[in-house]
Amino acid sequence: MSLSTTAHNLVVLASEGAEHGGNHDSLNPYLTGGGAFVILILMLWVTTRLNRDR
């Protein structure tokens, strides 16, 4: 198998998967990002409450 044949096969394989966009329909990026932001702010708040040496 030559390098050009392998490259062609990889391009064909990648283009077949690109039809669906790669994202799951139930994942909302705003909800995911907002949830991550809330969790990080909560962790920051807990860390600052427990750090009593300052």
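## Helix α1 and Ser-4

Ser-4 sits in helix α1, which covers residues 3–17. Helices (H or I, at least four residues) and strands (E, at least two) are DSSP runs, numbered from the N terminus. Ser-4 is exposed, with a relative accessibility of 53%. Here buried means under 20% relative accessible area, exposed over 50%, and partly exposed in between (1.4 Å probe, protein chains only). The Ser-4 side chain makes a polar contact of 3.3 Å with the side chain of Ser-2. Such a contact is a pair of N or O atoms within 3.5 Å; within protein, one must be able to donate a hydrogen and the other to accept it, and residues adjacent in sequence count only if both atoms are side-chain atoms.

## Model and overall fold

The model is predicted: local features need pLDDT of at least 70, side-chain atom pairs count only at pLDDT 80 or more, and totals for chains, interfaces and linings use all residues. Residues are numbered from 1 along each chain as its sequence is written, and side-chain values use heavy atoms, without hydrogens or water.

The protein has two helices and zero strands. Of its 54 residues, 0% count as buried.

## Helix α2

Helix α2 spans residues 29–50 and contains Ile-41. At 1.5 Å a residue, its 22 residues should span 32 Å, and the end C-alpha atoms are 32 Å apart, which agrees. The expected span is 1.5 Å times one less than the number of residues. Zero of the 22 residues of α2 are buried, so the helix lies largely in the open. At the start of α2, a side-chain oxygen of Asn-28 comes within 3.2 Å of the backbone nitrogen of Tyr-30.

## Annotated segment

An unreviewed UniProt entry annotates residues 27–46 as "transmembrane region". UniProt annotations may be inferred rather than shown by experiment. Over residues 27–46 the chain is 90% helix and 0% strand. The end C-alpha atoms of this stretch are 28 Å apart.
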